[in-house]
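These notebook entries record what I looked up in the structure shown below. I worked through strands, a sulfur link, backbone angles and charged pairs in turn.

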Amino acid sequence: QVQLVESGGGMVQAGGSLKLSCAASTRTFSTLALAWFRQAPGKEREFVAGISWSAGKTYYSVYVKGRFAIYRDNPKNTVYLQMNSLKPDDTAIYYCAANSAGTVAPGARDYGMDYWGTGTLVTVYS
């Protein structure tokens with residue numbers, strides 16, 4: 001129903017910036033809540049950032065707040081994660097996710113996400 005494809009991952013030096021993109025193949029993109037998760041080696045998948053369908057609410061992990069920004073471009077069916085001041089601890093596979101209900105639910109499993117991309121690798125070196 002909803003396919004998500006991440007892109008933009010790669011290797012970047014600590015302190016640098018990288019922008020991830022997630023393209024969605026759906027006719028109802030504007031009604032989706034969207035989020036980014038990441039999974040580092042030996043760690044559980046963790047929430048990074050989310051944005052509601054109306055773009056009126058954004059959510060950030062304490063680990064990235066002030067450094068990362070999530071935003072969406074509805075005409076392009078794309079959500080972005082702008083990552084600044086990257087640290088080696090940010091190294092992970094980053095996944096795009098979507099919630100057809102249009103809400104980001106911090107108290108729910110996987111913040112209520114219904115659809116998932118297959119990930120893009122971000123490696124930050126010092």
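**Entry 1: the sheet**

How many bridges join β1 to β3, and do they run parallel or antiparallel? I worked from a predicted model. I found that β1 and β3 run antiparallel and are joined by 5 bridges. I looked up Gln 3 and noted that its bridge partner in β3 is Ser 25.

I then traced the sheet. It is an open sheet of 4 strands in the order β1-β3-β8-β7, and the pairing is antiparallel. I noted β1 and β7 as the edge strands; each has a single partner strand, so one side of each is left without a neighbour in the sheet. On average, neighbouring strands of this sheet are turned by 20° against each other, direction ignored.

I also examined the two faces of β1, which spans residues 3-7. Leu 4 and Glu 6 make up the covered face, whereas Gln 3, Val 5 and Ser 7 lie on the uncovered one.

**Entry 2: the disulfide**

I searched the whole structure for disulfides and found 1. Cys 22 and Cys 96 form this link, with their sulfur atoms 2.0 Å apart. Which parts of the chain does the pair link? I placed Cys 22 in strand β3 (residues 18-25) and Cys 96 in strand β9 (residues 92-99). These are distant parts of the chain, and the two cysteines are 74 residues apart. I recorded -80° about the S-S bond, which is a left-handed link. I checked accessibility as well: Cys 22 and Cys 96 are both buried.

**Entry 3: positive phi**

Asn 77 is not a glycine, yet it has a positive phi of about 50°. I located Asn 77 in the loop between β7 (68-73) and β8 (78-83). Is Asn 77 buried or exposed? Its relative accessibility is 19%, and the limit for buried is under 20%, so Asn 77 counts as buried.

Asp 110 also has a positive phi, near 50°, and is a residue other than glycine. I found Asp 110 in the loop between β9 and β10 (115-116). Asp 110 counts as partly exposed because its relative accessibility is 23%.

**Entry 4: salt bridges**

I counted the salt bridges and found that the structure holds 4. I returned to Asp 110, whose side chain meets that of Arg 45 in a salt bridge (3.1 Å, N to O). Arg 45 lies in the loop between β4 and β5 (46-51) and Asp 110 in the loop between β9 and β10, so the pair ties together parts that are 65 residues apart in sequence. Arg 45 is partly exposed, at 35% relative accessibility.

I then turned to Arg 38. Its salt bridge with Asp 90 has its closest N and O atoms 2.9 Å apart. Arg 38 is in strand β4 (residues 33-39) and Asp 90 in the loop between β8 and β9, so this pair links distant parts of the chain, 52 residues apart. Both Arg 38 and Asp 90 are buried; for Arg 38 the relative accessible area is 6%.

The side chain of Arg 38 also meets that of Glu 46 in a salt bridge (2.8 Å, N to O). I noted Glu 46 as partly exposed, at 26% relative accessibility. Which residues are linked in a network of salt bridges? I listed Arg 38, Glu 46, Arg 67 and Asp 90.

Methods:
Residues are numbered from 1 along each chain as its sequence is written. This is a predicted model: local features need pLDDT of at least 70, side-chain atom pairs count only at pLDDT 80 or more; totals for chains, interfaces and linings use all residues. Side-chain values use heavy atoms; hydrogens and water are left out. A disulfide is a pair of cysteine sulfur atoms within 2.5 Å. Buried means under 20% relative accessible area, exposed over 50%, partly exposed in between (1.4 Å probe, protein chains only). Two strands pair if DSSP finds at least two bridges between them. Axes are lines fitted to C-alpha atoms, for helices over the stretch in contact, and angles run from 0 to 180 degrees between N-to-C directions.
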